[in-house]
Amino acid sequence: LLPNPAIALDGLTIYQSINSSCFMIPVGLSAAGSMRVGTLLGSGDATAAKFSAKLSVLSAVIVSATLGSILYFTPHTLFPSFFSPDEDVILETSRTISLLSIYVVADGITSTLYGVLKGCGRQCVVMPAVFVAYWVLGVPMGYYISFIRNGGYMCTDNYFCGIVGLVAGLTIGTCTHMTLLGILVCTTNWSTEAKNAQKRLLLEKEERAAIRNPASPCAQRTNEMVLSHI
């Protein structure tokens, strides 16, 4: 980004450092929610798994909204000043804080929704959502706003020029990602997921038994199931 790429790079680096710091708490909730949902589905308790999923997401909403509010309502130059003494870098980074406060909320909720889906063993459905959110919407929007609409220049008379345009694209992508994962979680059939989890556990037990005793009927049945999926 012109006329000073070094300031743009420093600003984005500080932006991402603040973003990563805020992400640490929701990612812990994501791991806890994933473990809890997976455990309850494995035990066949679909109702408790659904409740745990709701509780995990609600916790992420509260935590992420709190972090986003702190970013938005404190002076926007405060947190960037922790990373650099350069006034130009601080000012450029401060222009992204409003969008960062939105990004932090969406990203925290997204990570927890992914944790719920991971606990259900449905990681494969996340990839299309990521592709659409970021590669179809987020990255092209960021490129368009920064480099096509504003010519790749940093300025003060247009809010979305410079690194703010790139951040805007990422924020759009993350909000879309959150929406798509939210739809997937809300349409989850928890009774079916509990049955699927128990089937996977049964297959794992049979595979372990087959390793211990290859000549057993259980081992032969497991081999037949494995061959049927090849």
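Reader: Why does tyrosine 153 count as partly exposed?

Author: Tyrosine 153 has 46% relative accessibility, and therefore counts as partly exposed; buried means under 20% relative accessible area, exposed over 50%, and partly exposed in between, with a 1.4 Å probe and protein chains only. The model is predicted, so local features need pLDDT of at least 70 and side-chain atom pairs count only at pLDDT 80 or more, while totals for chains, interfaces and linings use all residues. Residues are numbered from 1 along each chain as its sequence is written, and side-chain values use heavy atoms, with hydrogens and water left out.

Reader: Which residues does tyrosine 153 touch, not counting residues up to four places away in sequence?

Author: Tyrosine 153 touches Leu2, Pro3, Ser146, Cys161 and Gly162, where contact means heavy atoms within 4.5 Å. Tyrosine 153 is found in the loop between α5 (126–149) and α6. Helices are DSSP runs of H or I with at least four residues, numbered from the N terminus.

Reader: What makes the pair of arginine 95 and glutamate 92 a salt bridge?

Author: A salt bridge requires a side-chain nitrogen of Lys or Arg within 4 Å of a carboxyl oxygen of Asp or Glu. The N to O distance between the side chains of arginine 95 and glutamate 92 is 3.2 Å. Both arginine 95 and glutamate 92 are buried.

Reader: How many salt bridges does this rule give?

Author: The count comes to 2 salt bridges. Glutamate 193 forms one with arginine 122, their closest N and O atoms being 3.9 Å apart. Glutamate 193 lies in helix α7 (residues 190–212) and arginine 122 in the loop between α4 (97–119) and α5, so this pair ties together parts that are 71 residues apart in sequence. Glutamate 193 is buried, as is arginine 122.

Reader: Why does the span of helix α2 agree with what its 28 residues should give?

Author: The expected span is 1.5 Å times one less than the number of residues. For helix α2 (residues 46–73) this should be 40 Å, and the end C-alpha atoms are 40 Å apart, so the two agree. Among the buried residues of α2 are Ala49, Ala53, Ser56, Ala60 and Leu67.

Reader: Which residues in α1 and α6 meet?

Author: Ala8, Gly11, Leu12 and Tyr15 in α1 meet Ile163, Leu166 and Val167 in α6. The residues of this contact divide into 6 nonpolar, 1 polar and no charged; Ala, Val, Leu, Ile, Met, Phe, Trp, Tyr, Cys and Pro count as nonpolar, Asp, Glu, Lys and Arg as charged, and the others, Gly among them, as polar.

Definitions and conventions: Helix = DSSP H or I, 4+ residues; strand = E, 2+ residues; numbered from the N terminus.
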